Amino acid sequence: MAISGAEALSDEDARILALEQGPVRGHTCKVAIVDGRIDMTGLRERVDRRLGRERLLSLRLADGDPPCWEPDPAFDVARHVRDAGAVAEDDLHELVGRLMAERLPRDRPLWALDAVRVGGRRSALVWRIHHAL
């Protein structure tokens, strides 16, 4: 449904957003471990090329009642695909926990992809995406 150029959230998605208070987050997290190091420029370019296939990934929350999705005029893939640095193999779980505890900023599309160097030979991709998407 279009509302002043924006698209209304479903009732279920609006309820999930309303649950976010205190330590409660409304996103999920997926972790993929890959061999080798991740080229951040290449990763950002690949993600950016594929965003057109899933329109919701470029929409942000708009102020309003009811809540709506609207295009993010300042969308920048680099704000979503981030270099999270390096950790020892034994510290990956802790880093993923810290990332999962972060609130996804409401002023941009509700997802993030963090690349992490793990030990000397592997990397991890930590993808967080809000259930409302």
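1. G42 sits in helix α2, which covers residues 40–50. The model is a predicted one. Is G42 buried, partly exposed or exposed? Buried would require a relative accessible area under 20% and exposed one over 50%; G42 has 22%, so G42 counts as partly exposed. G42 and V77 lie 35 residues apart in the sequence, and their C-alpha atoms are 12 Å apart in space.

2. Other residues of α2 are buried: M40, L43 and V47. Viewed down the helix axis, the buried residues of α2 fall within an arc of 65 degrees, so they line one face of the helix. An α-helix has 3.6 residues a turn, so residues three or four places apart point the same way.

3. Helix α3 can be read in the same manner. Its buried residues are L92, L95, V96 and L99. Around the axis they cover an arc of only 100 degrees, which puts them on the same side of α3. Their packing partners are β3 (residues 27–35), β6, β7 and β8.

4. Next comes the sheet. Four strands form an open sheet in the order β3-β8-β7-β6, and the pairing is mixed. Strands of a sheet pair through backbone hydrogen bonds, either parallel or antiparallel. Which strands stand at the edges? The edge strands are β3 and β6, each of which pairs on one side only. On average, neighbouring strands of this sheet are turned by 20 degrees against each other, direction ignored.

5. Helix α2 packs on it and touches β6, β7 and β8; the direction of α2 makes about 145 degrees with that of β6. Helix α3 lies across β3, β6, β7 and β8, and runs at about 145 degrees to β3.

6. Strand β6 (residues 81–87) and strand β7 (residues 111–118) run parallel and are joined by five bridges. How does the chain get from β6 to β7? The chain crosses through helix α3 (residues 92–101), and this β-α-β crossover is right-handed.

7. The chain as a whole has three helices and eight strands. Starting from the N terminus, the elements follow the order β-β-α-β-α-β-β-β-α-β-β. Of contacts between residues at least 6 apart in sequence, 72% join residues at least 24 apart.

8. Some overall values complete the note. The chain has 133 residues, and 35% of them count as buried. Its C-alpha trace spans about 50 × 35 × 20 Å along the principal axes. The accessible surface of the chain comes to about 8000 Å², and 50% of that surface belongs to carbon and sulfur atoms.

Conventions
Residues are numbered from 1 along each chain as its sequence is written. This is a predicted model: local features need pLDDT of at least 70, side-chain atom pairs count only at pLDDT 80 or more; totals for chains, interfaces and linings use all residues. Side-chain values use heavy atoms; hydrogens and water are left out. Two strands pair if DSSP finds at least two bridges between them. Helices (H or I, at least four residues) and strands (E, at least two) are DSSP runs, numbered from the N terminus. A crossover is right-handed if, with the strands pointing away from the viewer, the path from the first strand over the helix to the second runs clockwise. Buried means under 20% relative accessible area, exposed over 50%, partly exposed in between (1.4 Å probe, protein chains only). The arc is that of the directions from the helix axis to the C-beta atoms. Contact means heavy atoms within 4.5 Å. Axes are lines fitted to C-alpha atoms, for helices over the stretch in contact, and angles run from 0 to 180 degrees between N-to-C directions. Accessible areas come from the Shrake-Rupley method with a 1.4 Å probe; for residues, only the protein chains shown count as cover.
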